Amino acid sequence: MKNKVVIIGSGIVGMTIAYQLLTRKLSKDIIIIEKENLPGKHTSGRNSGVLHSGLYYKPDSLKAKVCVKGSKRLRKWVSDRNLYLNKCGKLILPTNEYLNNRISELYDRGKKNGCNVEIWDLAKLKNKFPYVNLTCGRALWSPNTSIISPIEILSTLFNELKEKKVDFLFNSEITSVNQSMNFIEVNKNKKIYFDYLFNCAGLNADKVAKLFDLGSNYKLMPFKGQYLQLKTNFKYKVSSNIYPVPDLNIPFLGIHFTPGSSGTYIGPTATLALGRENYKGIDSLEPYSLIGNINILAKQYLIGKNGFRRYFHEQAFQTFRPFFIKSAKQLIPSIKAENLKYSSKSGIRAQLIDLKNLKLVDDFISLETKNSIHVLNAISPAFTSGFELADLIINKSKIVSL
């Protein structure tokens, strides 16, 4: 219990790691360094709030290993604290014959991963969801998918960690590293020594890793997730998640309907962002990085592997209202433009790119030094996996042997 631990980033990954280090009595001297003035200002705090069941992921992938158990753990943690939890389930709907052929594959994945999943026929669909696209005559039902409030969870975690004497250093950014002396420099003027360091910096995790001479062949590419909101003038109440069957060759799930605590949201898009914190307009524009990202995606398109051309034609331009509404209508045909309104809700997906092979990385990745571990590609279902993912990272790290 003597180990001093530094955690970079106060999103869901950083704070659940701190929580589990304390729970497992691996350290009681923990400092979390955050460049913002509060936890969860970026990806975690802008999460859609869907508590996934775990049926999408390749069996034996890290995502599959942590999602089902992680979902159960987070659901219990939330319930024990009487936090918001909507056990609304999820309908996964094929919108064309190409995706209809993926129903059985997705069902098999779900079963192998230990999920509760059902195939519904046309009669059941008409009875339960008469307003959805019925042209393919079947869909998947995931009863264990729920909705939570990410902000509420992050706030509760933050308060509990403070009560457990975890130190938070806000408005602080790591600027240099001395690996031989085991310290980092923050804001160019403060040295912080550590026995072990966890890099959970989310959108900037690759930059921090490079300070430790790691991950030169990886880059985090930002994809913006924008939403619209369903107006009360729509004649149907959307009380469950409604998703399209995803193309399993790409790591984006497509625009979907989510009944949250403050209304039903439609989204998110998955369009290339102008910068890592480009939540609206041209804020936080990063021209040099943007040009590099466009070049990478153009090469992906020309190569035409891994379903990327399908993504480009079907999802890359959904930020434009007509394309967005077209995608929404593929799930609920009676949706019209007048049923939708602008939403300020938006987020950035920190999608890892393998520069060597020019492909989008689909699973979680972590890189290690003797005294640090760096969590890259902590994309969905990282929030859902929560405490289970934290334990996986801790177990892989060398802190358990210190």
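Here is a short tour of the salt bridges in this structure.

Keep in mind that this is a predicted model, where local features need pLDDT of at least 70 and side-chain atom pairs count only at pLDDT 80 or more, while totals for chains, interfaces and linings use all residues. Residues are numbered from 1 along each chain as its sequence is written, and side-chain values use heavy atoms, with hydrogens and water left out.

Side chains of opposite charge can pair when their charged atoms come close. A salt bridge here is a side-chain nitrogen of Lys or Arg within 4 Å of a carboxyl oxygen of Asp or Glu. The structure has 13 of these salt bridges, including the pairs in this table.

| Salt bridge | Closest N and O atoms |
|---|---|
| Glutamate 36 and lysine 35 | 2.9 Å |
| Lysine 76 and aspartate 80 | 2.8 Å |

Arginine 102 is buried at 15%, and glutamate 105 is partly exposed at 34%. Lysine 76, on the other hand, is exposed at 52%.

Lysine 76 and aspartate 80 sit 4 residues apart in helix α2 (residues 62–80), so about one helical turn separates them. Helices (H or I, at least four residues) and strands (E, at least two) are DSSP runs, numbered from the N terminus.

Finally, there's a network: salt bridges link Arg24, Arg73, Glu388 and Asp391.

Methods
Buried < 20%, exposed > 50% of the residue type's maximum accessible area, 1.4 Å probe, protein only.
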